[in-house]
Amino acid sequence: MENRRWEPRSRTDLADVSSAVLRWSESAVDSPVYEFLARRIARDERMLRIVAQIERTPPLNLLFGAVRLGLTRDDALAAWYPVLVGEGARLPDDDLWDAFRAYVLEREDELLAIALARRTQTNEAGRSAAVLPWISEAAERFGEAVHLVDVGTSAGLNLCLDRYDHDYGTGIVRAGLPASTALTLHCENRGDFDLPVETPPIASRTGLDLNPVDASDPAQAAWLEALVWPEHVDRLDRLRRALAIRAETPVDLRAGDAIALLPTLDDSLPPGPIVVMHTVMAYQLTHSQQLALDAAVVELSKRRRVARVAMEPAGAPTHTAIRTGLTRATAVARATAHAHGRWLDAA
Ligand SMILES: C[S@@+](CC[C@H](N)C(=O)[O-])C[C@H]1O[C@@H](n2cnc3c(N)ncnc32)[C@H](O)[C@@H]1O
């Protein structure tokens with residue numbers, strides 16, 4: 001997942017940057033290749049100088065994404081990337097470090113230009129399965145179709161949650177798309193949660209983002225793919241299928257700060273209840289921005305029936321908490337979920 005542990009005290013002090021890279025590596029438990037590379041980068045002055053130039057956070061995600069963007073099966077470095085070479089990929093070793101370092105140093109300017117221009121906006125459709133039960137619960141309570149509003153939507157993949165099949169192990173919630181285009185999300189129901197019998201009725205889909213990703217633009221779609229970590233072959237397949245479904249689904253993506261955009265929803269959406277959701281987004285806000293987001297949701301709830309479903313990082317690096325409730329202070333923890341929606345467990 002996007003890594004939150006990037007807090008160097010100073011960008012110019014390489015010891016600080018090295019410590020921040022090491023902290024990043026500790027939470028990169030999901031990718032042996034990136035964890036290995038980060039630990040080596042932390043000891044390499046030349047590489048640390050490159051990382052120190054990337055201002056947006058987390059810089060390692062941006063550097064690794066920039067490398068992955070141009071990497072093809074023909075490059076020597078691809079041998080360690082299962083997403084490029086499949087099951088025969090090599091495990092991390094000294095040769096990986098040599099190949100990676102050479103690749104970066106040969107293309108330093110080009111990679112820095114990409115890393116400086118891009119943002120970490122990973123869009124993970126698997127999170128849909130983690131929030132679906134609580135979106136369905138809200139729609140059931142309201143007794144009608146809901147306007148779904150995704151705050152920090154990236155490319156809007158999670159706005160299509162009712163168009164994916166959700167296999168929880170204990171039961172399947174089907175969207176009914178033809179098999180050729182269907183996407184099945186696998187989310188183990190470890191918490192034995194009651195599951196909806198069908199996907200929730202959605203009246204409209206609105207995504208708010210500082211920088212919405214237009215996935216119909218091949219360059220933006222390629223960047224989304226580049227953010228998928230080397231071993232996550234299943235996620236790459238999921239991303240491609242979700243992008244195809246998203247391309248067929250009408251979605252209203254609005255650019256801007258969600259805190260400023262939320263108050264405009266009442267006037268711009270047809271009558272009906274609203275479900276505000278956000279997945280792995282609010283952690284990017286300062287404390288005062290989080291309070292402002294709470295206030296905007298509460299204000300909206302004075303004019304509409306509103307429910308809020310949040311899935312945000314909590315606990316271990318790959319864990320999130322699902323909470324429902326209008327504000328952080330009043331929200332109730334409903335479940336723990338894997339950050340990519342692989343499982344749901346008791347809160
Ligand atoms: C890590 S991505 C997660 C994307 C998506 N929710 C998902 O789970 O796949 C976080 C997104 O939140 C957006 N974001 C951050 N702060 C925001 C704000 N104040 N208003 C709107 N979007 C914001 C970022 O641009 C980014 O696309």
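**Domain interface, aromatic pairs and salt bridges**

About 1,500 Å² is buried between domain 1 and domain 2, and 71% of this area lies on carbon and sulfur atoms. On the domain 1 side, the residues that lose the most area to domain 2 are Asp30, Arg68 and Val83, which together account for 37% of what that side buries. The model is predicted. The domain assignment places residues 11–117 in domain 1 and residues 127–346 in domain 2. Taken over C-alpha atoms, the centres of domain 1 and domain 2 are 30 Å apart. The contacts between them involve 20 residues of domain 1 and 16 residues of domain 2.

Gln284 was examined for its surroundings in the fold. Gln284 is located in the loop between β8 (274–279) and α13 (287–301). With residues up to four places away in sequence not counted, Gln284 touches Thr120 and Gln289. The C-alpha atom of Gln284 lies 9.8 Å from that of Thr57, although the two residues are 227 residues apart along the chain.

Aromatic rings were considered next. A pair of aromatic rings is described by the distance of the centres and the angle of the planes. The structure contains seven aromatic pairs. In one of them, the ring centres of Trp24 and Phe64 are 5.6 Å apart and the planes meet at 55 degrees, so this pair is classed as tilted. The angle falls between the limits of 30 degrees for stacked and 60 degrees for edge-to-face pairs. Trp24 belongs to helix α1 (residues 14–26) and Phe64 to helix α4 (residues 59–70), so that the pair links distant parts of the chain, 40 residues apart. Trp24 has a relative accessible area of 0% and is therefore buried. Phe64 is likewise buried, because its relative accessible area is 1%, and the limit for burial is 20%.

Trp134 and Phe193 form an aromatic pair with a centre-to-centre distance of 5.3 Å and 75 degrees between the planes, which is an edge-to-face arrangement. Trp134 lies in helix α8 (residues 127–142), whereas Phe193 is in the loop between β5 (188–189) and β6 (202–209), so the pair ties together parts 59 residues apart in sequence. Both Trp134 and Phe193 are buried.

Ring pairs also join into a cluster, which is made up of Trp24, Tyr34, Phe64, Trp97, Phe100 and Trp229. The tilted pair of Trp24 and Phe64 is thus placed among the residues of this cluster.

Arginine side chains are also found over aromatic rings. The charged end of Arg107 sits over the ring of Tyr103, at 3.6 Å from the ring centre. Arg141 lies over the face of Phe142, and the distance to the ring centre is 5.2 Å.

Side chains of opposite charge can pair when their charged atoms come close. The count of salt bridges in the structure comes to 20. One of them joins Glu108 and Arg46, with 3.9 Å between the closest N and O atoms. This pair links distant parts of the chain, with Glu108 in helix α7 (residues 108–117) and Arg46 in helix α3 (residues 45–52), 62 residues apart.

A salt bridge is formed by Arg190 and Glu188, whose closest N and O atoms are 3.3 Å apart. Arg190 is partly exposed with a relative accessible area of 42%, and Glu188 is partly exposed with 44%.

Asp237 and Arg241 form a salt bridge in which the closest N and O atoms are separated by 3.7 Å. Because Asp237 and Arg241 are four residues apart in helix α10 (residues 233–247), about one helical turn separates them. Asp237 is partly exposed at 41% relative accessibility, and Arg241 is partly exposed with a relative accessible area of 34%. Beyond these pairs, a network of salt bridges links Arg90, Asp93 and Asp95.

Notes. Residues are numbered from 1 along each chain as its sequence is written. This is a predicted model: local features need pLDDT of at least 70, side-chain atom pairs count only at pLDDT 80 or more; totals for chains, interfaces and linings use all residues. Side-chain values use heavy atoms; hydrogens and water are left out. Rings of Phe, Tyr and Trp (its six-membered ring) pair if their centres lie within 6.5 Å; planes under 30 degrees apart count as stacked, over 60 as edge-to-face and the rest as tilted. Helices (H or I, at least four residues) and strands (E, at least two) are DSSP runs, numbered from the N terminus. Buried means under 20% relative accessible area, exposed over 50%, partly exposed in between (1.4 Å probe, protein chains only). A charge sits over a ring if NZ of Lys or CZ of Arg is within 6 Å of the ring centre and within 35 degrees of the ring normal. Domain bounds come from an automatic or database domain assignment. Contact means heavy atoms within 4.5 Å. Buried area is the accessible area (1.4 Å probe) that two parts lose on being put together, summed over both. A salt bridge is a side-chain nitrogen of Lys or Arg within 4 Å of a carboxyl oxygen of Asp or Glu.
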